[in-house]
Amino acid sequence: IVPFIQTDVAVNPGNSGGPLFNSRGEVVGINSQIYSRTGGYQGVSFAIPIEVATRVKDQIVKTGKATHARIGVTIQEVNQDFANSFKLEKPEGALVSSVEPGGPADKAGLKSGDVIREVDGNRIVSSAELPALLGMKTPGDKVSMDLWRDGKPVTVTAMLGDASNRGEAVASAEPAGSKAKLGLALRPLEPGERDTGGTGGLVVQQSSGPAAAAGIQPGDVLLSVNGKPVNSVEQVRSLIEKSEKSAALLIQRGDDKIFVPVRFS
């Protein structure tokens, strides 16, 4: 994800790619596209910030190509339900739903359920800010990341990889329901089903109430509750009893993993 400048300056659609100036005559961006219903000047134009364009130019001059950094995680937005589940003061940060095995984040010790709150002192409010921020880095750079894990702050250092190999993914979650019980019928994984990266889990046999409203389906594999791995129905019950208004369930569906917020009241 590359940050863009939204402008209200009239830009000729035929001159896409032209520079944009501020009131002092300084170039602040390069026009990249225009959204217009008429094909004329009226509409919204978008521009690449000059810092991004300059960095790309310098890379191309030096190496003949442009590169962008990556960390190797799938992330989600932290909504209020997730904030309640993970005992965060505010619904801010990037929630890690899965970590690429052997990737930069994995090597740095990041885990599913971590909430990334800062990178090199830059606060992460929305999850979209993380790939935008890392995209400004260079493969091989080291970054310090402030995390929220198991109700307390943790700091790790990661060496970034190359985004041309494999990009970051941003996942989304369905809205949760509002009934008092979880609404899941679960069973342990059978030997032939233990293909969830060694994390164990429980197979969802039936889904109703809040779980079904949150989008959990039969055949999904429940991996954790509020960041705690689960391998038995008793573990799930215990963790749900300790949850107040909502719980964050990590679900595996096929090859994808996603946190789903389930609200109880």
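What volume does the second largest pocket have? Its volume is about 380 Å³. (A pocket is an open set of points on a 1 Å grid over the protein atoms alone, where a 1.4 Å probe fits, with protein on both sides within 12 Å along at least five of seven lines; lining residues have an atom within 4 Å of a point.) Select Asn84, Ser85, Phe86, Lys87 and Asn226, the closest to the pocket centre of the 17 lining residues. Next, colour helix 2 (80–85), strand 10 (142–149) and helix 6 (233–242), which each give two or more residues to this lining.

This is a predicted model, in which local features need pLDDT of at least 70, side-chain atom pairs count only at pLDDT 80 or more, and totals for chains, interfaces and linings use all residues. Residues are numbered from 1 along each chain as its sequence is written, and side-chain values use heavy atoms, with hydrogens and water left out.

Stay with Asn226: asparagine 226 takes a positive phi near 55° in the hairpin of strand 16 and strand 17, which has two residues between the strands. (Strands are DSSP runs of E, at least two residues; helices are runs of H or I, at least four.)

Now select strand 16, residues 221–225. Five of its five residues are buried, so strand 16 is largely enclosed by the rest of the structure; buried means under 20% relative accessible area with a 1.4 Å probe, protein chains only.

Finally, look at the neighbours of strand 16, where pairing takes at least two DSSP bridges:

- Strand 18 (residues 246–253) runs antiparallel to strand 16, joined by four bridges; here valine 221 partners glutamine 252.
- Strand 15 (residues 202–207) is an antiparallel partner over two bridges, with valine 203 bridged to valine 221.

Methods
Buried means under 20% relative accessible area, exposed over 50%, partly exposed in between (1.4 Å probe, protein chains only). Grid points are joined across faces, edges and corners, and a volume is the space filled by probe spheres set on the points.
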